[in-house]
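Have the sequence and the 3D view open as you read.

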Amino acid sequence: MKFAKIHGLGNDFVIVDHKELPHDDYKTLAIKVCDRHFGIGADGLILVFPSEIADFKMRIFNVDGSEAEMCGNGIRCFAKYLYEHDLTHEKKITIETLAGIIIPHLVINNGKVDQVRVDMGEPRLKRSEIPATGNEERVVDEPLDVKGQIYRITGVSMGNPHCITFVDHVDDIVLDVIGPMIESHPLFPQKTNVEFIEVVDRNEIKMRVWERGSGITLACGTGACASVVACALNNKTERKVKVHLPGGDLLIEWAENNHVYMTGSATEVFVGEMEEVHNS
Ligand code: ZDP
């Protein structure tokens with residue numbers, strides 16, 4: 001099975017074209033491939049499929065084999081893969097995902113994909129869309145009881161669920177303890193990605209993330225988008241914000257047309273082949 005290893009700010013993925021796939025048990029394949037000791041090592045497995053409604057279709061599986069609706073860093077890596085592995089020569093690509101059609105624009109430098117600006121579509125704020133339980137319309141600055149401690153959270157879906165909390169210092173958060181507790185909190189029936197945000201000023205924030213199904217990662221594109229929407233909803237920042245993540249920076253804009261635009265890099269580390277013929 002031929003693959004490429006590509007990361008967006010250290011959020012790393014194994015990308016495989018559907019023609020290379022040894023079987024269709026993608027859950028098992030993702031668990032094996034993502035394992036950093038017994039596999040290739042990645043935060044997710046991304047598969048390239050043809051689409052009937054867009055140029056291509058992307059599917060993304062987390063470290064635990066669960067399938068995510070969308071993946072912001074992943075879609076930049078996906079777009080880079082398509083262009084540099086000659087599956088397309090277009091600079092604007094439409095990609096079908098479980099969160100709808102997402103449109104990356106490639107910025108080419110010396111024949112290589114340098115930056116990718118992605119139209120991530122509209123944020124979804126209704127509880128039923130996140131999804132979060134309860135009747136209220138939105139989850140904005142709402143108290144959440146996590147084993148007796150109260151966190152004030154804002155819920156945003158970028159196709160996948162995110163729970164955002166503002167804190168004074170992100171580095172003080174014990175992410176591997178609180179992350180999984182919020183991820184599996186009964187408020188979120190599909191579980192949730194968990195972001196902690198430190199506001200630097202009206203145009204800059206710091207973020208750390210615990211990802212649903214994958215744990216701590218160095219960056220999360222959908223999480224950065226959801227966090228900037230949460231910042232604007234809570235009047236913490238303007239709508240165009242630089243997001244500092246442990247793996248690097250993303251530029252996020254929640255534009256007047258209600259679409260969120262994400263700009264960032266994608267880097268190919270290597271290509272390889274993995275022996276993965278049997279479904280056992
Ligand atoms: O929603 C989820 O289950 C996420 N773990 C999917 C991956 C999100 C990602 N980190 C991103 O950049 O949006 C790839």
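The shell around the ligand is made up of five nonpolar, eight polar and two charged residues. In this count, Ala, Val, Leu, Ile, Met, Phe, Trp, Tyr, Cys and Pro are nonpolar, Asp, Glu, Lys and Arg are charged, and the others, Gly among them, are polar. Before going on, note that this is a predicted model: local features need pLDDT of at least 70, side-chain atom pairs count only at pLDDT 80 or more, and totals for chains, interfaces and linings use all residues. Residues are numbered from 1 along each chain as its sequence is written, and side-chain values use heavy atoms, with hydrogens and water left out.

**Around the ligand**

Which residues come nearest to the ligand? Of the 15 around it, they are Cys71, Gly72, Glu211, Gly221 and Thr222 (a residue is near if one of its heavy atoms lies within 4 Å). β2 (11–17), α2 (72–84) and α4 (221–233) each give at least two residues to the shell; helices (H or I, at least four residues) and strands (E, at least two) are DSSP runs, numbered from the N terminus.

| Residue | Part of the residue | Distance to a ligand oxygen |
|---|---|---|
| Asparagine 62 | side chain | 3.0 Å |
| Asparagine 73 | backbone | 2.9 Å |
| Asparagine 160 | side chain | 3.0 Å |

How much of the ligand does the protein cover? It covers 100% of the 380 Å² of accessible area that the ligand has on its own (Shrake-Rupley method, 1.4 Å probe).

Now for some strands. β9 (residues 142–146) and β10 (residues 149–157) run antiparallel and are joined by five bridges; strands pair if DSSP finds at least two bridges between them. Valine 146 sits opposite glutamine 149 in β10. Two residues separate the strands of this hairpin, and lysine 147 in the turn has a positive phi of about 45 degrees.

β10 also pairs with β11 (residues 161–166), antiparallel and over five bridges, with serine 157 bridged to proline 161 in β11. This hairpin has three residues between its strands, and glycine 159 has a positive phi near 100 degrees.

Most residues other than glycine have a negative phi, and most peptide bonds are trans. Aspartate 86, though, has a positive phi near 65 degrees; look for aspartate 86 in the loop between α2 and β6 (95–97). The peptide bond from isoleucine 130 to proline 131 is cis, with omega near -10 degrees, and proline 131 is in the loop between β8 (112–119) and β9.

Key: A polar contact is a pair of N or O atoms within 3.5 Å; within protein, one must be able to donate a hydrogen and the other to accept it, and residues adjacent in sequence count only if both atoms are side-chain atoms.
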